[in-house]
Amino acid sequence: MQEAELHDLSDDADYAASQLQGSVYMTRSDSTKTSSTTEPEGAEVVYLKDNVTIHPTQFASERISGRLKLIKQGSSLLIMNWIPYKGQNSNARLSEKDRNLYTIRGVSFTDVRSIRRHTPTLGWQYIIVVMSSGLAFPPLYFYSGGVKEFLATVKQHVFLVRSAEDANVFLVNDFENPLQRTLSSLELPRAVSVANVPLPSTSTPLGELPPNENQDAGDGSRSSSSSLYNGRTRQKVHDPARDISIQVLEKFSLVTRFARETTSQLFRESLNNGFAVANERRAHGLSPVNSSHKLVHEAEKAPEEVPVAPDPIEFDKLTLVWGQPRQAPLGLEEWATYLDSEGRVMDSKALRKRIFYGGVDHHLRKPVWAFLLGYHAYDSTDAERDYLKRVKKTEYETIKRQWQSVSAEQAKRFTKFRERKGLIEKDVVRTDRSISFYEGDDNVNVHLLRDILLTYSFYNFDLGYCQGMSDLLSPILFVMEDESESFWCFVALMERLGPNFNRDQNGMHSQLFALSKLVELLDSPLHNYFKQNDCLNYFFCFRWLLIQFKREFEYGRVMRLWEVLWTHYLSEHLHLYVCVAILKRYRNRIMGEQMDFDTLLKFINGLSGGIDLDAILRDAEALCICAGENGAACIPPGTPPSLPIENGLLYAQQDDEVL
């Protein structure tokens, strides 16, 4: 039923109404057709296109059509506007307020990094405009063509060149990958991140867990494998090679501050209406900020607490009713009861439920993770799995030889390979080096991390390598202890989390959008507080989502959390409810201390190592059950870690060539 709604435009009022608006036309200085517009005096509309549409979700009824303009101001300034049509009521799920918040006004091409053009064999062309900060607007679909004319007009007024790396990317300012620059600015590959910087507002010492974490008697894997990853917590924190100073935290804050300073000027007319899908997903709902010194000076002041609006769903009582206590981890004897005589899992749902509530004993993780990640099918036999391992090992070695065979002379002429290899080699030596499995000079497991990531960059050359991937691979290699199996488990994980690292950051923005809607559903006072304090982009949760809370818990607890998330027992998106649970746990402090964006970002990063995982999982379970179908409706289809949605479209679109 949803498939028909997704593709069938016969009853799409947005599409039908926009068809009546006419086709594209170009306007020059002698044009009199735009005299009725509200352009500033002296401005000239050089491009105007009707029937340009934003797709907030995968449903045709929720598309929003509007008019796209390019406006020349002065001798060289080019501005882009996109204004949704008024009076359309086909959209039953999005309010008029949300529709208005999609409005794009005053985007100067001096702040644009690149324009990506998508020309599918079937369907409509669309473009994605990426800002210099690395943030992007939602895709703009051209139902009636016109991408060629749009790019040609842009080229007439700004310096526009086709990327040598991707023929569908047109660069405006420079040649640096915007996502990579954003991640580099955040210094993400550091194993001890900005979350571990001492903060005045954080009472938990660095590297020390609260008593309920250290005294977790129900977590058998903590004692059975403590020599592998738990015994070095203090050394990890105080390792000078891995500590990051307060300057890095300020650098992270400045990245977001720059984005807000840019976008606040572009969207000042829509800020009063709050945060909408496009703003949430592209972090363009931000407001002006104070001077860069405010963070440093005000962090030292003890904020005055103010009355806090009560939790509308009585969170503590909710958890007691619907959140079940954690169980002991799944052990070897119990694991055997889930298998038949040939090694098939007889009831995968029951197994996933069991792991959801208790996790897996560390010594059992290797076979269980292969099922959870999808490397092995639940109905496969022992013999079939052994055969698959042999086949996949041969396939892995074939892919690996591709980059190993690149000679020094070839590498000189292979820029992409040199860049990726250099970035990987720089990242792996900073990934989890305080864990005994990876510590020491010339560690063979660090070399394996490098080899697997290089091989993956050849296996998935389009995605390649981005900072943060080494964080996701590290626990997998630690558990699997086999190069080929680790690679294929990582491939399976990246099938779901790969969109987190896409150049247009679509995967991240869709998760941030869904998170904002879930908070609005489950704690409207907290949502309104974020709205009033310019925090509705939820960018302070960026690291949580990008690398699945890898920096928020110690190594053993991260593995426990991941295997719970991979069960997809209650929801594929339980990680979003984990985010909501953490925010609700600290809502009184956030609201009582009147945290603004910078203070909140600093506070959230300071929670690393001090979050009670079992309590948060119980809270997240209760929130997920409470939200029910309304919660599921907040999450757009295809949001990671859901498997990607196939974009099959019914209408053919010709490829417009430009440049």
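**Close-up views of aromatic and charged contacts**

View 1. Tyr569 is partly exposed, with a relative accessible area of 22% (buried is under 20%, exposed over 50%, partly exposed in between; 1.4 Å probe, protein chains only). The model is predicted, so local features need pLDDT of at least 70 and side-chain atom pairs pLDDT 80 or more, while totals for chains, interfaces and linings use all residues. Residues are numbered from 1 along each chain as its sequence is written, and side-chain values use heavy atoms, without hydrogens or water. The model holds 33 aromatic pairs (Phe, Tyr or Trp rings, the six-membered one for Trp, with centres within 6.5 Å; planes under 30 degrees apart are stacked, over 60 edge-to-face, the rest tilted). In this view, the ring centres of Tyr357 and Tyr569 are 6.2 Å apart and the planes stand at 65 degrees, which makes the pair edge-to-face. Tyr357 belongs to helix H15 (residues 348-358), and Tyr569 to the loop between helix H26 (555-566) and helix H27 (574-585), so the contact ties together parts 212 residues apart in sequence. Helices are DSSP runs (H or I, at least four residues), numbered from the N terminus. Tyr357 is buried, at 5% relative accessibility.

View 2. Tyr396 sits in helix H17 (residues 382-404) and Phe487 in helix H22 (residues 483-497), so the pair links parts 91 residues apart in sequence. Tyr396 is buried, and so is Phe487. Both rings belong to one aromatic cluster, together with Tyr456, Tyr459, Trp488 and Phe490.

**View 3. Two arginines sit over aromatic rings.** Arg326 lies over the face of Phe356, 5.4 Å from the ring centre. A charge counts as over a ring if NZ of Lys or CZ of Arg is within 6 Å of the ring centre and within 35 degrees of the ring normal.

View 4. The model has 28 salt bridges (a side-chain nitrogen of Lys or Arg within 4 Å of a carboxyl oxygen of Asp or Glu). Here the closest N and O atoms of Asp382 and Arg385 are 2.5 Å apart. The two residues stand 3 residues apart in helix H17, so about one helical turn separates them. Asp382 is partly exposed at 39%. Arg385 is buried at 9%.

**View 5. Asp451 and Lys400 join two helices.** Their side chains form a salt bridge with an N to O distance of 3.4 Å. Asp451 is in helix H20 (residues 444-459) and Lys400 in helix H17, so the bridge ties together parts 51 residues apart in sequence. Asp451 is buried at 8% relative accessibility. Lys400 is buried too, at 12%.

**View 6. Lys550 and Asp432 join two loops.** This salt bridge spans 2.9 Å, N to O. Lys550 lies in the loop between helix H25 (542-546) and H26, and Asp432 in the loop between helix H19 (415-428) and H20, so the pair connects parts 118 residues apart in sequence. Both Lys550 and Asp432 are buried.

**View 7. Four charged residues share one network.** Lys400, Arg450, Asp451 and Glu483 are joined by salt bridges that share partners.
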